Amino acid sequence: IVLAISNKPDAYILTRAKEHGIESRFIDAKNKTREEFDTEVMMMLEEKKVDLVLLIGYMRFISPLFVEKWRNKVMNVHPSLLPAFAGGMDLDVHEQVIESGVKETGCTVHFVDEGADTGPIIVQKKCTVEPSDTPLTLKQKVQQLEGVAFIEAIEKVISQKS
């Protein structure tokens, strides 16, 4: 990991990165178009010679310009087994999962494309939905899977390049 970027100055990832000796940068998105913001991010990524971008807790849609430049190099994690419950975020997804009555959920690491959670799936991890689950307990179960899924997805991509 060579760089952590956030559009929130108080994002925990910036603190955590510094604690681990990883460069971190805040980029203010105020008064910028999505393309202007993404261009600034892309310049930083190119400067650091980044090969793979991980969207972790990134709550912004990226521009078509960014998607095209970084196609199949940007991974996102979604808190459901895509394509189910695509487009939703955080607790809303877990609430939809519970309301739907499905017995299984999980997370999906996928490449980012122009759509909302529509890119090619790299890895999915599953867990059981219990009758006693709430959106918060389900979120905790799914988040435990996300780190494992990201590592597996990164390893998969790296092994395909070699």
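This is a predicted model: local features need pLDDT of at least 70, side-chain atom pairs count only at pLDDT 80 or more; totals for chains, interfaces and linings use all residues.

Me: Which residue forms a salt bridge with Glu152?

Reply: The partner is Lys125, and the closest N and O atoms of the pair are 2.5 Å apart.

Me: How many salt bridges does the count come to?

Reply: The count comes to 11 salt bridges. One of them joins Glu23 and Lys48, with 2.8 Å between the closest N and O atoms. That pair links distant parts of the chain, since Glu23 sits in strand E2 (residues 23-26) and Lys48 in the loop between helix H2 (34-47) and strand E3 (53-55), 25 residues apart.

Me: Which residues are linked with Glu23 in a network?

Reply: Glu23 is linked with Arg25, Glu47 and Lys48 in a network of salt bridges. As for accessibility, Glu23 has a relative value of 27% and counts as partly exposed, and Lys48, with a relative accessible area of 28%, is partly exposed as well.

Me: What about Lys32, which side chain does it meet in a salt bridge?

Reply: The side chain of Lys32 meets that of Glu40, at 2.6 Å from N to O. Lys32 has 29% relative accessibility and counts as partly exposed, and Glu40 is partly exposed with a relative accessible area of 28%.

Me: Changing topic to the backbone: which residues does a cis peptide bond join?

Reply: A cis peptide bond joins Leu82 and Pro83, with omega at about 15 degrees. Pro83 is placed in the loop between strand E4 (74-78) and helix H4 (90-100), and Leu82 is found in the loop between E4 and H4 too.

Me: Is Leu82 buried or exposed?

Reply: Leu82 counts as buried, because its relative accessibility is 5%, and the cut-off for that class is under 20%. Leaving aside residues up to four places away in sequence, Leu82 touches Thr108, His110, Asp117, Ile121 and Gln124. Gly106 is 24 residues from Leu82 in sequence, and their C-alpha atoms are 9.0 Å apart in space.

Me: Which residues other than glycine have a positive phi?

Reply: Among them are Asn31, with phi near 60 degrees, and Phe85, with phi near 65 degrees. Asn31 has its place in the loop between E2 and H2, and with 82% relative accessibility Asn31 counts as exposed. Phe85 is found in the loop between E4 and H4, where Leu82 is also found.

Me: What about Glu19, where does that one lie?

Reply: Glu19 lies in helix H1, which covers residues 12-19, and at 56% relative accessibility Glu19 counts as exposed. Met44 is 25 residues from Glu19 along the chain, and the C-alpha atoms of the two are separated by 20 Å.

Me: Zooming out, how many helices and strands are there, and in what order do they run?

Reply: The chain has 5 helices and 6 strands, and from the N terminus on they run β-α-β-α-β-α-β-α-β-β-α.

Me: Why does the radius of gyration agree with a compact globule?

Reply: A compact globule of 162 residues would have a radius of gyration near 15 Å, and the chain has 16 Å, which agrees. The C-alpha trace spans about 50 × 40 × 30 Å along its principal axes, and 40% of the 162 residues count as buried. Of the contacts with a separation of 6 or more, 55% come from residues 24 or more positions apart.

Me: Last one, surface and charge: what do the accessible surface and the charged side chains come to?

Reply: The accessible surface of the chain comes to about 9600 Å², and 54% of that belongs to carbon and sulfur atoms. There are 20 positive and 25 negative side chains, and the centres of the two sets lie 4 Å apart.

Key: Residues are numbered from 1 along each chain as its sequence is written. Side-chain values use heavy atoms; hydrogens and water are left out. Helices (H or I, at least four residues) and strands (E, at least two) are DSSP runs, numbered from the N terminus. The radius of gyration is taken over C-alpha atoms; the globule rule is 2.2 Å times the number of residues to the power 0.38. Buried means under 20% relative accessible area, exposed over 50%, partly exposed in between (1.4 Å probe, protein chains only). Contact means heavy atoms within 4.5 Å. Accessible areas come from the Shrake-Rupley method with a 1.4 Å probe; for residues, only the protein chains shown count as cover. Lys and Arg count as positive and Asp and Glu as negative; His and the chain ends are not counted. The place of a charge is taken as NZ of Lys, CZ of Arg, CG of Asp or CD of Glu. A salt bridge is a side-chain nitrogen of Lys or Arg within 4 Å of a carboxyl oxygen of Asp or Glu.
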